[in-house]
Amino acid sequence: MMITVIVTGSTTGNTDDVADELRELLGAKITPAHTTDPHSLSGCDLLILGASTWDDGVLQDDMDAFLQKLAAANVEIPCAAIFGLGDQIGYSDTFVDGIADIAAALDAKGIRRIGAWPVADYEFTASRAAHGDHFMGLPVDQDNQPGKTTQRLTAWVDQLKRELAG
Ligand SMILES: Cc1cc2nc3c(=O)[nH]c(=O)nc-3n(C[C@H](O)[C@H](O)[C@H](O)COP(=O)(O)O)c2cc1C
């Protein structure tokens, strides 16, 4: 059985709500970034990192602090995926920028990243998380598109399973 752990950085609870929904779809364990020792992640098959973006393009505080601990930790994590909460209307120039910071931390650690997601269904001006026609993870916009969240999460979980198998 696959062991999936979701680490969350959430300031007003939106990322936590989305993580709860993901847990039901995946059978994962959730642990908040501010209480998570990266060494406790040893042995997981898939790490999912979820966090919001604040202050015009800044990764959520708890996740930022967690990534600094991860950088220094001696831990083997085979595979990871990212989801990011953001507001594509209110913060159209920095939409889910935090995803890019998480991706950079994973890349620096040599952790394989899966779960890139098409930009097609979002309206934004700029995002550091977008490379070509894909984001480096799944953006979730509870401010403007809450009605699309369940469908996005369901499709993303299917995609993760396919990528893990492939
Ligand atoms: C002051 C402020 C700054 C924000 N900055 C950004 C931003 O730069 N980019 C973005 O995509 N969303 C931004 N947002 C939107 C939040 O990321 C969004 O509301 C998210 O759902 C919050 O998730 P959380 O409750 O898990 O922290 C901002 C929101 C506020 C109130």
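**The ligand shell and a helix beside it**

Tutor: The ligand is surrounded by 23 residues, the closest being Ser10, Thr12, Thr15, Ser52 and Gly86 (a residue counts as near a molecule if its C-beta atom, placed from the backbone, lies within 6 Å of it). Two or more residues of this shell come from each of α1 (14-26) and β3 (46-54); helices (H or I, at least four residues) and strands (E, at least two) are DSSP runs numbered from the N terminus. The model is predicted, so local features need pLDDT of at least 70 and side-chain atom pairs count only at pLDDT 80 or more, whereas totals for chains, interfaces and linings use all residues. Residue numbers start from 1 along each chain as its sequence is written.

The largest contribution to the shell is that of β3, with 3 residues. By class, the shell holds 5 nonpolar, 13 polar and 5 charged residues (Ala, Val, Leu, Ile, Met, Phe, Trp, Tyr, Cys and Pro are nonpolar, Asp, Glu, Lys and Arg charged, and the others, Gly among them, polar).

Helix α1 also packs against α4 (residues 149-165), at about 45° and with the axes 10 Å apart; axes are lines fitted to C-alpha atoms over the stretch in contact, and angles run from 0 to 180 degrees between N-to-C directions. The two helices, α1 and α4, are therefore oblique to each other (under 35 degrees is roughly parallel, over 145 roughly antiparallel, 65 to 115 roughly perpendicular, the rest oblique). Val18, Glu21, Leu22, Leu25 and Leu26 of α1 meet Thr149, Thr150, Leu153, Thr154 and Val157 of α4, contact requiring C-beta atoms, placed from the backbone, within 7 Å. This contact comprises 6 nonpolar, 3 polar and 1 charged residues.

Conventions
Contact = placed C-beta atoms within 7 Å.
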